[in-house]
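Biologist: I am new to this structure. Please show me how to read a few of its features.

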Amino acid sequence: MSGESAPPLGFEKHDHKACVAQALAAADARCSAEGLRLTPVRRKVLELLLQEHRALGAYAILDLLRDAGFGSQPPVAYRALDFLAEHGFVHKIERLNAFVACAHPGKTHSPAFMICRLCDAVAEAQSTPAKGALGDAARAAGFQIEKTVVEAEGVCPACLDKAEA
């Protein structure tokens, strides 16, 4: 990644149908190019997470899969989530024990998540932990950072607008 900071994705207004369609098309193309198998259930889980634009737990995903005519056993959802997370299509939000579609799939990055404590909406931004205070501390300790999970809790713009109205 370059040194540029991309704006966070997740809270801004956008054409949601186009967003979901483009992300699914990109996932299909990437899987085809890399020889990955995006099964119907994996694709549906990704689609559900893209449609929601918020984090969903495995059991909420399982309920949505059942409603869509897919299996109703927990391993169905967990296997799909494991595949999607392993290949960078989704991220796990530790604080919520839930998953969110990646805003930058296919790119190696260290995401930072902003989580609305009122509606559980999640925005993803780029973070550069190796360049900040954490990176300085790691270098001083002779530690090499391989992965970080940055999660900030607060209130999203939509919930702020509702509170002010």
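**Salt bridges and a loop residue**

Modeller: Asp63 is partly exposed, with a relative accessible area of 36%. Buried means under 20% relative accessible area, exposed means over 50%, and partly exposed lies in between, with a 1.4 Å probe and protein chains only. This is a predicted model, in which local features need pLDDT of at least 70 and side-chain atom pairs count only at pLDDT 80 or more, while totals for chains, interfaces and linings use all residues. Residues are numbered from 1 along each chain as its sequence is written, and side-chain values use heavy atoms, with hydrogens and water left out.

Biologist: Which residue forms a salt bridge with Asp63?

Modeller: Side chains of opposite charge can pair when their charged atoms come close. A salt bridge is a side-chain nitrogen of Lys or Arg within 4 Å of a carboxyl oxygen of Asp or Glu. For Asp63 the partner is Arg66, and their closest N and O atoms are 2.3 Å apart. The two residues are three apart in helix 3, so about one helical turn separates them. Helices are DSSP runs of H or I with at least four residues, strands are runs of E with at least two, and both are numbered from the N terminus. Arg66 is partly exposed, at 37% relative accessible area.

Biologist: How many salt bridges are there by this rule?

Modeller: The count comes to six. One of them joins Glu34 and Arg30, with the closest N and O atoms 3.1 Å apart. These residues are four apart in helix 1 (residues 16-34), so they too are separated by about one helical turn.

Biologist: Is Arg30 buried or exposed?

Modeller: Arg30 counts as buried because its relative accessibility is 18%. Glu34, at 48%, counts as partly exposed.

Biologist: What does the side chain of Glu47 meet in a salt bridge?

Modeller: Its partner is the side chain of Lys44, at 3.7 Å from N to O. Glu47 and Lys44 are three residues apart in helix 2 (residues 40-52), again about one helical turn. Both Glu47 and Lys44 are buried.

Biologist: Where is the place of Ser72?

Modeller: Ser72 sits in the loop between helix 3 (58-67) and helix 4 (74-86). With a relative accessible area of 36%, Ser72 is partly exposed.

Biologist: Which residues does Ser72 touch, not counting those up to four places away in sequence?

Modeller: Contact means heavy atoms within 4.5 Å. With those sequence neighbours left out, Ser72 touches Leu62 and Arg66. Ser72 and Leu62 are ten residues apart along the chain, and 6.4 Å separates their C-alpha atoms. Arg66 is also the salt-bridge partner of Asp63.
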